[in-house]
Amino acid sequence: MAPETNGDAFPIQAIDHIEFWVGNAKQAAYYFTNAWGFRPTAYAGLETGVRDHTSRLVVQGDIRFVFTGALQPDSPIADHVRRHGDGVKDVAFRVPDAEEAYRLAMERGATSVLEPTVSEDEGGKVVRAAISTYGETIHSLIQRSEYTGAFLPGFRAVNGPAGPEVGIKAVDHVVGNVELGKMNAWAAYYADIMGFKNLVHFRDDQISTDYTALMSKVMWDGVGRVKLPINEPAPGKKKSQIDEYLDFYRGPGVQHMALQTEDILKTVLALRDHGVEFLGVPDAYYDEVRERFADLSEVDVAALQSQRILADRDEEGYLLQIFTKPVVDRPTIFFEIIERHGSRGFGLGNFKALFEAIEREQELRGTL
């Protein structure tokens, strides 16, 4: 059965993969294999006839991460890493017809990165196009219905051992940070180009502490397979996490990715055991959680407190979430682990505690 789409003429079936441009693809793949439980699945590089870069695909559940590194110092990949550090280059969407999706995107005002291109090998053919979004991030449009190979033509399958089981299943949402005053423009871009809708809008008085604030709009495909929050900084007494990101990333880009799990306690314990570091919140936060969840015996607040997991609820249900510290040298990219029980929200009730935790880390870095 074909994946459900949003009914728009620009149907996106799923996030196909997320590609990171990094300083060392082999080491990045090793980290996500051995700390995060991914399985090495495909490789492209010198041995497969690629002369200017190397790429390594790791897979867990429905998540596909590709780590790409330069083989030449004058490569655009090397230049990207020099300026931005390790970061997300491509949030690729799977579409049923890449040529038609590209045509519609151009007709609606998108900027082209790659015209529709067919590549083939013994596994069949893939049609790929690409358009730009905020900063130097792109969206590839991948049509792979006639392909049975390891990943894409030019890759060969590898059967490396999977890392420790951590229980991550899918990408829940991908968050982008943009400059002050640009959030509405990029929200309109996703509405106009791809037919996305505004799921929720967070004002700066909702996402703030005594020192910092931001604004956010969550754009989604109307189905829930693709959710793209867009953040911009808001005026505050001190430098917000968005300002810090923009300074160190040298412009707009993907800030974090939320990964779904069905057992957040198990996932967080496994990740901690393998060196992943998370933000912490004070014990006082859980006094409020106990009040908000007093009628839900299924929520073990003491267990959540032991791992510093955040909890929020709304009229649709509740969610549990936790955020890592940055996973790269610069204070830019981090991850969220999320477990949903009905709620389609993003943890509005946790924003203050989360921001205060981030500010404590900023203070240690001297960037607050």
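**Figure 1. The hairpin of strand 6 and strand 7 in a predicted model.** In this predicted model, a hairpin of 2 residues leads from strand 6 to strand 7, where a strand is a DSSP run of E with at least two residues, a helix is a DSSP run of H or I with at least four residues, and both are numbered from the N terminus. Strand 6 covers residues 112–121 and strand 7 covers residues 124–132, and the two run antiparallel, joined by 7 bridges; strands are taken to pair if DSSP finds at least two bridges between them. Within this pairing, Thr-117 is placed opposite Arg-128 of strand 7. Residue numbers start from 1 along each chain as its sequence is written. Because the model is predicted, local features need pLDDT of at least 70 and side-chain atom pairs count only at pLDDT 80 or more, whereas totals for chains, interfaces and linings use all residues, and side-chain values use heavy atoms, with hydrogens and water left out.

**Figure 2. The largest pocket and its lining.** The largest pocket holds about 550 Å³ of space. Among its 27 lining residues, those closest to the centre are Glu-19, His-53, Leu-114, Arg-128 and Leu-152. (On a 1 Å grid over the protein atoms alone, a pocket is an open set of points where a 1.4 Å probe fits, with protein on both sides within 12 Å along at least five of seven lines, and lining residues have an atom within 4 Å of a point; the volume is the space filled by probe spheres set on the points, which are joined across faces, edges and corners.) Strand 6 gives the largest share of the lining, 4 residues, and the strands that each supply at least two residues include strand 1 (14–21), strand 3 (53–60) and strand 8 (138–143). By type, the lining consists of 14 nonpolar, 8 polar and 5 charged residues, with Ala, Val, Leu, Ile, Met, Phe, Trp, Tyr, Cys and Pro counted as nonpolar, Asp, Glu, Lys and Arg as charged, and the others, Gly among them, as polar.

Figure 3. The side chains of Arg-64 and Asp-16 form a salt bridge at 3.2 Å, N to O, the term meaning a side-chain nitrogen of Lys or Arg within 4 Å of a carboxyl oxygen of Asp or Glu. Since Arg-64 belongs to strand 4 and Asp-16 to strand 1, the pair ties together parts that are 48 residues apart in sequence. Both residues are buried, where buried means under 20% relative accessible area, exposed over 50%, and partly exposed in between (1.4 Å probe, protein chains only). Asp-16 and Arg-64 also belong to a network of salt bridges with Arg-94 and Arg-144, and the whole structure has 17 salt bridges.

Figure 4. The side chains of Arg-365 and Glu-244 meet in a salt bridge of 3.0 Å, N to O. This pair links distant parts of the chain, with Arg-365 in helix 9 (residues 351–365) and Glu-244 in helix 5 (residues 241–249), 121 residues apart. Arg-365 is partly exposed at a relative accessible area of 33%, whereas Glu-244 is buried at 3%. Other buried residues of helix 5 include Ile-242, Tyr-245 and Leu-246. At the start of helix 5, a side-chain oxygen of Ser-240 comes within 3.2 Å of the backbone nitrogen of Ile-242, and just after the helix Arg-250 adopts a positive phi of about 65°.

How values were computed. Polar contact = N/O pair within 3.5 Å; in protein donor to acceptor, adjacent residues only side chain to side chain.
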